[in-house]
Amino acid sequence: MSTRTPAPVPTLAAERTVSRHGWAQALAAVLTGLASMVLVAGLGLWAAGAGDLPDGAFPRVVAATVVAAVGGTVDLTGDAGDLAETAGGLTVMPLSVTLVGALVIGAGFLRPLRHRAVAGARELAGWAARIAVLWLLGLAGLAFAARQSFAVSLGDGTLGDIGDILGASPQVGFATDVPLTLLAGVAWLAGVLALALLVSRGAPLPARLLRFQESVRPAAHAMVVLLLAFVALGTVIALVVAVTRGQPAQSLALVLLGMPNLVWLALTTGLGATWEGRVDGPFGLPMPHVLDEVLRTDDTATLNLNTLADFDGKVWWLVAVDAVLLLTAAFLMAARSPARVRAWQHAVHMAVALALTVLMVCLIGRISAHYGLSVLGIGDLGGNLGGSLFLRPHLWGALGLALLWGLVTGFLGALLARPVHRRGEVENRQPGPTARR
């Protein structure tokens with residue numbers, strides 16, 4: 001009787017046939033992400049009319065837009081000589097470009113890690129470090145390229161005559177603060193990679209973090225779905241407006257540059273949050289007319305459901321849209337969670353996740369811009385040669401409302417998800433004849 005040698009049991013070391021994710025794959029992920037951001041920014045700026053900028057400035061404006069999309073610092077510069085004065089500042093993130101870059105780079109980060117159950121912290125850190133090094137090199141190149149100056153005409157009036165007599169030839173432009181941009185870019189990339197790990201159900205985590213995935217991952221996934229749903233809905237509405245009202249260029253510029261800026265503002269407004277802001281001067285903003293009417297005042301304007309409804313009563317539909325999409329997100333969260341998680345726990349998870357999401361929207365959705373020019377005090381950095389724009393949230397009120405909405409929709413979503421078969425459930429079956437024996 002021959003004895004059979006048992007097949008060797010695979011050891012942990014043998015199971016670690018890690019799919020290679022070295023410098024070549026990191027370079028592909030970074031280049032794909034940067035290329036997608038440059039493409040979206042370029043198309044959006046072209047649709048907005050930036051293709052006609054003088055001195056071949058269009059590529060540099062595209063670079064500045066990508067820098068701003070990752071939180072980089074773009075300063076407005078000016079040189080009007082000893083007898084004139086310029087001033088300006090700009091703080092805004094074109095969130096369409098931001099979103100595209102985050103999705104592409106996040107997918108590139110996760111691709112080599114698919115089909116894995118567990119990954120060591122050292123392995124994940126090494127893979128992220130490769131991407132970060134190449135990302136910094138690419139971002140530094142864009143930051144150094146994002147600088148340009150333009151000559152400003154003083155016009156044919158008194159200001160122009162004084163400028164001609166005194167030889168004042170104002171120059172305005174923009175430049176990037178490279179160190180601050182690189183710091184912001186690293187923080188942005190870290191957030192994108194961490195969120196990618198949290199959202200993906202199949203991405204591996206270090207063994208010590210596995211116990212947190214059941215409570216964190218379904219909620220994070222639900223919030224990403226919620227934000228993307230608002231962007232998709234806003235894009236459809238913009239395309240319908242482009243077809244019916246004949247404004248294709250403006251609608252395309254809005255979709256490619258600032259659609260999340262607008263729809264995520266609508267998300268918080270539908271929750272009942274309040275923003276304040278003002279538009280002064282010849283700012284041409286790709287925004288709905290009702291927003292421009294509310295913000296273009298002599299003093300700081302309050303932006304919420306009540307003030308918007310004074311101009312257009314249809315804004316109350318935002319409450320219904322928020323309710324439906326939040327309930328859908330809560331249902332998805334509960335359906336992806338283990339069956340043992342109770343309804344009140346779903347409510348807490350949803351409340352915390354929604355509050356963090358609203359906090360992010362409030363932080364990245366702020367807008368601040370101003371510019372001006374004066375010669376010998378004439379012009380006062382305003383008038384036709386100046387303007388200002390700002391938009392900022394009432395933060396604590398928005399977070400409180402997010403917690404309330406999250407508790408309610410999280411509990412209701414858990415109740416709706418009860419009929420759905422989820423992980424951890426065991427069907428109650430009657431034992432058959434074989435089982436009885």
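Reply: A residue is called buried when its relative accessible area is under 20%, exposed when that area is over 50%, and partly exposed in between. Please keep in mind that this is a predicted model.

L415 has a relative accessible area of 34%, so it counts as partly exposed. L415 belongs to a nonpolar surface patch of about 890 Å², which is made by W344, V348, V352, L356, L404, L407, V408, F411, L412 and L415. Two helices, α13 (343–364) and α14 (395–416), each supply at least two residues of this patch, and the largest share, six residues, comes from α14.

For contrast, consider helix α3, which covers residues 58–69 and therefore has twelve residues, with 17 Å between its first C-alpha and its last, close to the 16 Å expected at 1.5 Å a residue. Nine of the twelve residues of α3 are buried, so this helix is largely enclosed by the rest of the structure. The buried residues of α3 are V61, V62, A63, A64, T65, V66, V67, A68 and A69. One of them, A68, has a relative accessibility of 13%, and so it counts as buried. Leaving aside residues up to four places away in sequence, A68 touches V74, V92, M93 and P94. Just after α3, G71 takes a positive phi of about 90°.

A pair of aromatic rings is described by the distance of the centres and the angle of the planes. A search of the whole structure finds two aromatic pairs. In one of them, the rings of F109 and W127 have their centres 6.3 Å apart and their planes at 10°, so the pair is stacked. This pair links distant parts of the chain, with F109 in helix α4 (residues 95–110) and W127 in helix α5 (residues 121–145), 18 residues apart. F109 is buried at 2% relative accessibility, and W127 is buried with a relative accessible area of 0%. In the other pair, the rings of W135 and W188 have their centres 5.2 Å apart and their planes at 25°, so this pair is stacked as well. W135 lies in helix α5 and W188 in helix α7 (residues 178–199), 53 residues apart, and both W135 and W188 are buried.

Finally, we can turn to charged side chains. A search of the whole structure finds two salt bridges. In one, the side chains of R392 and E276 meet at 2.8 Å, N to O. Because R392 lies in strand β8 (residues 387–393) and E276 in strand β5 (residues 275–280), the pair ties together parts that are 116 residues apart in sequence. R392 is partly exposed at 36% relative accessibility, and E276 is partly exposed with a relative accessible area of 22%. In the other salt bridge, the side chains of D312 and K314 meet at 3.2 Å, N to O. Here D312 counts as partly exposed at 24% relative accessibility, whereas K314 is exposed, with a relative accessible area of 58%.

Note on methods: Residues are numbered from 1 along each chain as its sequence is written. This is a predicted model: local features need pLDDT of at least 70, side-chain atom pairs count only at pLDDT 80 or more; totals for chains, interfaces and linings use all residues. Side-chain values use heavy atoms; hydrogens and water are left out. Helices (H or I, at least four residues) and strands (E, at least two) are DSSP runs, numbered from the N terminus. Buried means under 20% relative accessible area, exposed over 50%, partly exposed in between (1.4 Å probe, protein chains only). Patches are made of residues with over 30% relative accessible area and no salt bridge: like charges are joined within 9 Å, nonpolar side chains (Val, Leu, Ile, Met, Phe, Trp, Tyr) within 5 Å. Accessible areas come from the Shrake-Rupley method with a 1.4 Å probe; for residues, only the protein chains shown count as cover. A salt bridge is a side-chain nitrogen of Lys or Arg within 4 Å of a carboxyl oxygen of Asp or Glu. Rings of Phe, Tyr and Trp (its six-membered ring) pair if their centres lie within 6.5 Å; planes under 30 degrees apart count as stacked, over 60 as edge-to-face and the rest as tilted. Contact means heavy atoms within 4.5 Å.
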